[in-house]
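User: Hi! I am new to protein structures and would like to learn how to read one. Could you walk me through it step by step?

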Amino acid sequence: MNSSSGRPISVQWVAMIVAITATCGYVGIARAVQDLYPFSSYTMYAGVHGTWASRLVARPKDGIAREIKNFDHWQCQDELPAEANRTCAVGEGFRIDYMEAATMQYVNSFHNQAPGDQEVDLVRRVWQFDAQGVPLPAQNCIRRHCRAQRIADDNGGQR
Amino acid sequence: MMRSTWDHADRAPLRIGLAVVAAGDLLSLVQALWTAAPAPQARGLALIGTNLPALAAVAGLGVLALALFGAGKWQFRSGLVGLIALGLVEESHTAIWGGPKRAYFISGTLLVGWLLGLGCAYAIKARQPLASKEEGRAFAEYLADMGAVGCLVAVYVDAGISKLVASGPAWFLSDNLQSIVLSLRPVEDDSLSGAVAVWVAARPTLAHTLSALGLVMQLTAPLYLFSRRLRLVMGSLFIFFHLCVKMLVHISYSEAIFLGALFTYPWPQIIAWLRHKAPTVELPIPENIKRSALVSGVGPWAVGALAVAALAWSVVTRPAHSAIPQARAIEVMGQQGQTREYPGDIRALLSGLKPGDAVGTFVVGEVWASGQDGIVVVCARKGQRATVQIAPKGRQPFVAPQTSQDYDLFYRQAAEPSPALAQLDVDALLTVLRDRVAQNERVVPRPALFAR
C-alpha cells in the first residue's frame, strides 16, 4: 500500500458514496427490469390519459349509483353493444383496468348461485371534461342488465 | 456531508422495524396466495404460490430469516435469505394475479439498500480493522442505514422519471389527476376525504398544481441524502405525498409511510425528549476510513451494482406488467430469432385472413404465427395499432379476456407509440377474431405448429 492510498477519507463521504451507489444502482436496475421484486419503476399512472374518466358501478332501480361490492348474487345478461348507448362511445378515456378486472371477477364469481332479488344495471359511469378541464356531470353507460342482492350490514341495514 | 437523523444512536430499531414490515408483507402475500382460487395453468414461479407445502416452507424460512435479521444475528445472510423468500412469494403472486403488488416492494427495497451498506462496511472492515466489535457493528449499521435511504430515495426518483418519460409535462398539464381521482373514488364515499377529493377533481388548476408539486418532490428526492435537515424536510414530504394519495384516491402505502417515518425522524432523540432525559447511547463510529480500504471495499460493490444494472438492462427483456390481468400484454410476443410463418392450416383457422382485410373497424396489417407466440394479428385504424395474440388454450400463463373452445385470445397495445384504444374497441376487435376462430376450429384440423 503506498502512502497516497492510505490517506484517510471522512466516514461521512463513505456513507455518501454508499447512498449514491444505492440510489443509482436501484434506479438503473429498475429502469431495466421494470418490475422485478424489489425493483420497480412505478409506471402505474405515469401515462397521460384520455378525455374522460370512468368506473364501473351498480345502479339499482332507484337510479342511485352504488358500489358493486355492496351487492352479491350477481347474474348478468350478455354485455350490451356499445351502440346501445351513446355515452358508451365517447372516445378514448381512462379506467383503472386492474380494478375493473377485480370487479368483473367478483361479479362473475356468483355464476353458480341463485340470482338476486333486485334488478340492477352494471353501469360504466363516465365523466367528460369541458375545455377548461372541469369534469361535467357523470353520465351512465349501461353495460349489462343484471339481478343482484343488496348485502345487509352487521346492523341489519343495507351496505 | 452525509449525516443521519440516527447519528450517535443505536440503529437496532431501524433494523427491527424493517424486519417487522418485511415479515408482515411476506405473510400478507402468503395469505393472499393461500386464499386464491387454484390456478390450473400455473407454471414457473406461480407453482410456489399454488403449492401449499412449498409456500409454507418458503414463508416459514423467510419469517425465520427476517426474525434473525431483526435480532441482528448473521444480519447479511439472514437478510438475504429473507429478501429471497419475499422475492419468490411476490413474484409468485405476480405470476398468478397478473401484476405486482407494489405496495409490498418498499420493505424489500430498503432491505436491498441495507444489505448493500452492510456489504460495503464488512468489506471495509476486512481491510481496516476497527477498534472494537461495538464500533464495527455501529459502523456497519451506519452504512446500512445510508444504503437503505439511498434505495428509499431511488423509489421516488424512479417514479418521477417514469412520469417524465411516459408523459413529459403533459403529466401535470392534462386532466390526469382528476381522471385518476374520479375513477378510483368510491361512489358511496360520504367521508370528509371523499368530499375533498371531489373538490380537488372539480378544480383543474389545483389538480395541475398538486400533480406538478408531486412530480417535483419525486425528482428532488435525492436532497434527502445531503443533510439531516433535508432528510427531515424531504422525508416529511414523502409521507405527506402518501397521505394525499390515500385521501384523494384511497390507495394506501402504509408500509412506505411507516418506514419513511422510521428512517426520517430522530426517534431516539424524540423519545428521550419526551422522557425528559438525554439520549443515553453514544455509539462510536470511526471518523475516517483509509482511502485504500474504501476503494477496495466499496469499489467492488459499486461496480457490482452498476454491472448488475447494465446486465439487467441488456439481458432482461421483460416489459412492464399491464395492470389488468385479463387484457395483459403477452410478454413473450415478438421475441427476436423466432421463425414467423403463416401456414395454410392456420390461414384456414382464420378463414383466410390476410393483410388488408377488414376486422371490425380495423384493417389487418400483419398476420403470422410461431410455435412460441401462437398466431399474431397486428391491426391498425386511424393511427391506432393493436395486436391480438391467439394461442392454444392454456399455453399462456395468463387469464384470457376472450376464449373460444380451443383457443385463448389476448390483446396488447402496439410496441410503438400509438393512441390508447378504448376498452370497448378492444372487446369488439377480440370478439370479431374469436368468432372467426370459433367458426372454424371444429372444422379444420388443429394446426401442425401447435402440435409441436
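Predicted model: local features only at pLDDT ≥ 70, side-chain atom pairs only at ≥ 80, totals over all residues.

User: Which parts of chain A have the lowest and highest confidence?

Analyst: The lowest is helix 2 of chain A (residues 97–108), with a mean of 77. At the other end is strand 5 of chain A (residues 71–76), where the mean is 91.

User: Now the two chains. How many residues of chain A are in contact with chain B?

Analyst: Begin by counting who touches whom, with heavy atoms within 4.5 Å as the test. By that count, 76 residues of chain A contact 95 residues of chain B. Then look at area: the two chains, A and B, bury about 7100 Å² between them, and 67% of that is on carbon and sulfur atoms. Three residues, Q12(A), Y37(A) and Y42(A), supply 12% of the area that chain A buries against chain B, more than any other three.

User: How many salt bridges and polar contacts are there between chain A and chain B?

Analyst: There are 2 salt bridges between the chains, and 16 residue pairs are in polar contact, both residues at pLDDT 80 or more. In one salt bridge, the side chains of R31(A) and D158(B) meet at 3.0 Å, N to O.

User: Which element of chain A gives the most to the side that touches chain B?

Analyst: Several elements of chain A give two or more residues, including strand 4 (52–60), strand 6 (118–128) and strand 7 (139–150). Helix 1 of chain A gives the most, with 21 residues. By residue type, that side of chain A divides into 42 nonpolar, 21 polar and 13 charged.

User: In what sense do strand 1 of chain A and strand 1 of chain B pair, parallel or antiparallel?

Analyst: They pair in the antiparallel sense, over 3 bridges, and strand 1 of chain B spans residues 288–290. You can find the pairing by eye at I9(A), which stands opposite I289(B).

User: Last one: what does A114(A) touch?

Analyst: For a loop residue, look beyond its sequence neighbours. A114(A) sits in the loop between helix 2 and strand 6 of chain A. Leaving out residues up to four places away in sequence, A114(A) touches H73(A) and Q75(A).

Conventions
Residues numbered from 1 in each chain as written. Chains lettered and ligands numbered in written order. Heavy atoms only, no water. pLDDT = per-residue confidence, 0-100. Helix = DSSP H or I, 4+ residues; strand = E, 2+ residues; numbered from the N terminus. Buried area = accessible area lost by both parts, 1.4 Å probe. Salt bridge = Lys/Arg side-chain N within 4 Å of Asp/Glu carboxyl O. Polar contact = N/O pair within 3.5 Å; in protein donor to acceptor, adjacent residues only side chain to side chain. Nonpolar A, V, L, I, M, F, W, Y, C, P; charged D, E, K, R; others polar. Pairing = 2+ DSSP bridges.
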